[in-house]
Each structure stands twice: as structure tokens, then as C-alpha cells.
Number of protein chains: 4
Amino acid sequence: MGISLDQARTMIAATLETGREMGLKPLSVVVLDAGGHVQAFEREDGAAPGRFAIAHGKAYGSIMLGMAGSAQMARAEAQAYFMGAVNGVFGGQVVPVPGGVLIRDGSGSVIGALGVTGDTSDNDAVAAQAGVEAVGLVAEI
Amino acid sequence: MGISLDQARTMIAATLETGREMGLKPLSVVVLDAGGHVQAFEREDGAAPGRFAIAHGKAYGSIMLGMAGSAQMARAEAQAYFMGAVNGVFGGQVVPVPGGVLIRDGSGSVIGALGVTGDTSDNDAVAAQAGVEAVGLVAEI
Amino acid sequence: MGISLDQARTMIAATLETGREMGLKPLSVVVLDAGGHVQAFEREDGAAPGRFAIAHGKAYGSIMLGMAGSAQMARAEAQAYFMGAVNGVFGGQVVPVPGGVLIRDGSGSVIGALGVTGDTSDNDAVAAQAGVEAVGLVAEI
Amino acid sequence: MGISLDQARTMIAATLETGREMGLKPLSVVVLDAGGHVQAFEREDGAAPGRFAIAHGKAYGSIMLGMAGSAQMARAEAQAYFMGAVNGVFGGQVVPVPGGVLIRDGSGSVIGALGVTGDTSDNDAVAAQAGVEAVGLVAEI
């Protein structure tokens with residue numbers, strides 16, 4: 001089963017709410033399905049105009065590679081040219097830092113990804129995790 | 001003044017609600033700001049995965065050219081090579097058919113665009129107009 | 001449920017077998033998952049080198065738009081600039097002719113697409129349909 | 001002589017079989033001909049959706065440069081900007097790490113390349129070599 005639009009809305013709302021509770025800067029949040037296609041997105045008032053592309057890039061790389069943002073960052077730091085090449089084959093659509101999280105169902109299958117941007121990458125990831133867990137799914141950050 | 005996230009959410013909800021009342025296929029709706037950047041998006045359950053790109057293309061062309069989808073279609077039918085050239089300079093991101101609507105405030109200024117896809121282009125435009133009017137703004141379809 | 005690699009292999013083998021029975025030119029066959037990502041591909045000996053891109057384009061457009069090749073061709077013939085614009089937003093990856101078929105499961109959900117190229121578009125579609133039906137799934141051609 | 005579809009199938013099957021014997025993660029395997037064009041591809045169940053692009057990038061770079069993945073990686077580590085520039089001229093389609101292997105016939109001529117992704121690059125290369133050798137051809141890893 002994929003992620004329903006209702007679940008996507010709830011994840012986004014919970015991510016934004018967590019950001020406000022933590023006192024973060026305005027966040028932007030995207031939910032992608034298991035094929036990496038956009039299901040829902042919201043950009044908070046005050047966020048910079050280009051935030052869709054960053055949120056999308058975090059989530060898209062997670063889905064395409066089956067690796068969350070933290071694992072992508074580790075690979076990029078160990079072998080920068082590899083992640084550069086990966087970005088080539090994916091048309092420059094990969095942003096390999098925390099804030100991109102894999103969404104798994106109870107059986108462990110990847111059913112989508114959530115991408116958050118706006119504050120530090122680590123804070124983005126904390127808010128993302130809270131968003132995913134708000135619908136009872138599992139976040140791999 | 002731009003469009004707030006609250007207004008964007010209300011416009012999307014009203015567009016989807018209108019689609020359901022009209023018995024349309026599942027819709028996808030994007031709201032862009034006055035600079036053509038994504039503010040919010042939702043894809044209804046059952047819509048094809050590529051619908052973000054189509055919705056975005058309708059709204060993006062509207063903003064970039066200052067022409068709603070109907071006017072873009074008229075131009076494309078009169079002078080297909082012109083719209084082809086336009087798509088060249090905008091990186092292929094323009095989808096010149098109804099369903100892309102300009103959002104104007106009370107003073108007539110363009111403050112964003114809404115793009116809808118999923119049913120026929122004409123039905124998409126009707127739903128889009130209802131969405132914009134739900135927040136008291138003016139839709140140029 | 002998606003398409004398993006075993007099912008993809010069987011669909012490709014049945015498509016190629018049908019082509020041989022019909023006396024068609026060498027065929028190339030791709031299977032995409034519900035997100036439009038390549039699951040399996042084979043190009044018969046004697047086929048031209050560029051056949052992956054054609055097969056992929058037929059299947060990819062079917063998935064992204066939720067429309068099989070025949071419906072895409074009808075739209076392209078009615079409104080060529082629209083399909084041109086669609087190709088822009090999808091990076092030129094859409095080949096809107098028969099031979100791209102949607103794969104539906106018993107409940108009617110799209111679970112992938114199969115793309116065939118090598119002979120006439122109509123013959124490609126016949127072979128594609130036989131391929132999909134070989135695993136008990138439903139082809140929308 | 002090029003690689004026949006039968007040989008490509010056998011190479012892919014042997015690569016996947018080797019991966020299972022070694023206990024590797026799900027693999028994806030592509031076979032390209034001497035011109036760098038896709039001949040066959042399979043993605044095992046459970047592999048991330050973007051694996052075609054990675055497998056293709058490993059094999060494509062091998063063919064285009066006449067250098068297997070290990071040699072490409074050595075060059076990338078010595079001179080990252082060079083491999084970046086190479087990726088520019090090849091449209092971002094080169095992934096310069098192990099897992100891309102050149103396929104040579106008995107006379108030493110390059111007749112294709114095989115690309116494997118899914119586990120560590122070094123394990124990918126071991127499985128790739130086994131695949132090529134399964135049809136009596138020579139792998140340069």
C-alpha cells in the first residue's frame with residue numbers, strides 16, 4: 001500500500017508543528033511516493049522561494065538510492081565524486097544531506113520519502129521524523 | 001501581498017471539492033507564487049504519478065508569460081512554433097492549455113497562479129476557478 | 001502489489017514469442033514499475049541500437065500520464081503542441097504511440113507499463129498485449 | 001561479433017546468482033553493447049527504483065572511456081575535476097566506480113560492458129566478473 005493524500009497531509013502538518021515547537025525557521029516539506037513522484041508539498045510563509053527544489057532533492061535521492069539523507073551524506077563525504085556522478089544520472093535532482101527520510105511501513109517496505117528543508121539539516125531531520133511517526137509509519141533518517 | 005500558505009491550502013481544498021462535486025477524475029493542484037515558485041501541491045489518490053509536472057507546467061507558463069491557460073492555448077493553436085520556442089527558453093516547463101489560471105488580487109496584480117490537471121482541460125479550469133474564488137481572489141482562466 | 005522480476009521476465013518472453021509467431025521484425029521490450037522505473041528490458045538480436053529509448057518512451061509516457069499509447073496518440077493528433085509540451089515537462093522521455101500499454105491488476109490499479117518497439121506501432125501493441133496477458137494481468141493498449 | 005541476447009541473459013542470471021551465493025543485497029544488472037546501447041537489464045525485487053540509472057552509468061562510462069570501473073575510480077580520486085568534465089561531455093551518464101566491467105572477447109576486443117549495482121562497489125564488481133565469465137568471455141573489472 002502506498003501513502004494516501006490524507007496521510008501525506010498529516011505528515012506535513014506534524015512536521016511543521018514540530019518545527020514551530022522547536023523554534024525552527026520556516027520549513028518546507030514534500031512527500032514523495034515509492035516511485036519518487038510528488039504527492040504533496042507545503043512551503044511555510046517566510047521560507048525562501050527555492051525551497052521546493054531542496055526539499056524535493058532530499059526526498060528524491062532517498063527514494064532513488066534507497067538511502068536516507070544521513071547515509072547519502074556519509075557516502076558524499078567519503079567519495080564526493082561518486083555522489084556527483086549519481087547526481088548526473090538523476091539530472092541533478094539529488095541533495096545528499098539529512099532532512100531526506102525514507103518512509104517504511106510495518107513490514108519494512110519503503111513506501112515513500114519525506115523531505116524537509118529550512119533549518120539546519122539535523123533539525124530538518126528531527127522534524128521529518130516526527131512527521132512520519134505522526135501517522136504510525138517508520139522513518140529512516 | 002503574496003498568497004499565504006493558509007490561502008493556498010484553502011484554494012487547493014476548494015479545487016478538489018469542486019472536482020468531486022462535478023464527478024471529475026482525481027485531480028492534482030499546484031499553487032505557485034508571483035515568482036513562479038511552488039508554494040503548495042496536492043495529488044489526489046488514484047491520479048497518475050506524473051501529474052505534478054503537468055499541473056506545474058500549466059501554472060508556470062501562466063506566471064512566466066502573464067497569460068492564463070486559455071490564452072496560451074489560443075496562441076499555440078495560432079502559432080505553434082512560437083509556443084515551442086517559448087518552451088525552449090523556459091526549459092520545457094510550459095504546458096499551454098486550460099487549467100492554468102492567473103491569481104489576481106483586488107487591485108488586479110498577479111500574485112500567483114494555480115494549476116490543475118486530471119480531467120479534461122476545460123473541466124480542470126472550472127475547478128481551478130472555484131479554488132481561487134474560495135479565498136476571495138480573482139481567477140483569470 | 002507490484003510486478004515481480006519473474007513476472008517481468010515472463011511478460012518479455014511472451015511478447016518476443018508473439019512477435020516471432022506473427023513474423024515481426026526483432027522487438028525490444030521494457031517493463032516499468034508503477035513509478036515509471038525500469039525493471040527489466042531485452043533487445044532482440046538484429047534490432048537497432050536505439051531501441052531501448054523508444055520502448056522506454058512508450059512505457060514511460062503511459063505511466064506518467066495514466067494513458068496508454070493509443071490514447072496518447074489520439075491526443076497528439078488532436079493537439080500536437082500539448083503532447084510536445086508534455087514532453088518538455090518529462091524531459092523528452094515520452095513516445096506517444098501504440099506499443100506502450102498500461103498493466104493493471106485484477107482490481108484495476110495500474111501496477112506498471114510495458115513498452116514494445118520494432119515493428120509497426122499497431123503490431124507492437126498486439127505483441128505487448130499478449131505479453132501482459134501471459135501472466136494473467138490486464139493490458140490497456 | 002557482438003553479444004547475443006542469449007549471452008546477455010546468461011550473464012545477468014549468473015551475476016544475480018553470484019550475488020545470492022555471496023549474500024549480497026538485491027542487485028541490478030545491465031548489459032550494454034560495444035556502442036554503449038542497452039541490450040538487457042534486470043532489477044531484482046527489493047532493489048531501490050533508481051538502480052537502472054546507476055547500473056547504466058557504471059557500464060556506460062566503461063564503454064565510452066574504454067576503462068573499467070576500478071580504473072575510472074582511480075582517475076576520479078587522482079583528478080576529480082577531470083572525471084567531472086568527462087561527465088559533462090557525456091551528459092552526466094558516467095558513474096566511475098567498481099561494478100562497471102568491460103567485456104572482451106578472446107581476441108581482446110571490447111564487445112560490451114556489464115554494470116552492476118546494489119551492494120558495495122567491490123562486491124558489485126565480483127558479481128559482475130562472475131557474470132561475464134559464465135559465457136566464456138573476459139571481464140576487465
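**Two copies around one axis**

Of the residues of chain B, B:Phe41 comes closest to the rotation axis, its C-alpha lying at 2.5 Å. Where does that axis come from? Chain B can be laid on chain A by a turn of 180° and a shift of 0.1 Å along the axis, with an RMSD of 0.1 Å; the superposition is by least squares on the C-alpha atoms of residues with pLDDT of at least 70 in both copies. The two copies are thus related as by a two-fold rotation axis.

A word on the ground rules: this is a predicted model, in which local features need pLDDT of at least 70 and side-chain atom pairs count only at pLDDT 80 or more, while totals for chains, interfaces and linings use all residues. Residues are numbered from 1 along each chain as its sequence is written, chains are lettered from A and ligands numbered from 1 in the order in which they are written, and side-chain values use heavy atoms, with hydrogens and water left out.

Now let us visit the interface. Chain B and chain A each bring 17 residues to the contact, where contact means heavy atoms within 4.5 Å. Because 100% of the interface residues of chain B are also interface residues in chain A, the copies meet through the same surface. The area buried between the chains is about 1500 Å², with 49% of it from carbon and sulfur atoms; buried area is the accessible area (1.4 Å probe) that two parts lose on being put together, summed over both. In chain B, the residues that lose the most area to chain A are B:Leu5, B:Glu42 and B:Arg43, together 33% of what that side buries.

Strand 2 (residues 38-43) of chain A pairs with strand 2 of chain B in the antiparallel sense over 3 bridges. Strands here are DSSP runs (E, at least two residues), numbered from the N terminus, and two of them pair if DSSP finds at least two bridges between them. In this pairing, A:Ala40 stands opposite B:Glu42.

Charges meet here too. Side chains of opposite charge can pair when their charged atoms come close. The interface holds 4 salt bridges, each a side-chain nitrogen of Lys or Arg within 4 Å of a carboxyl oxygen of Asp or Glu. A:Asp33 forms a salt bridge with B:Arg43, the closest N and O atoms being 2.9 Å apart.

Over all chains the count comes to 28 salt bridges. Within chain B, B:Glu140 forms a salt bridge with B:Arg104, with 2.6 Å between the closest N and O atoms. This pair links distant parts of the chain, strand 5 (residues 138-140) and strand 3 (residues 100-104), the two residues being 36 residues apart.

How values were computed:
Helix = DSSP H or I, 4+ residues; strand = E, 2+ residues; numbered from the N terminus.
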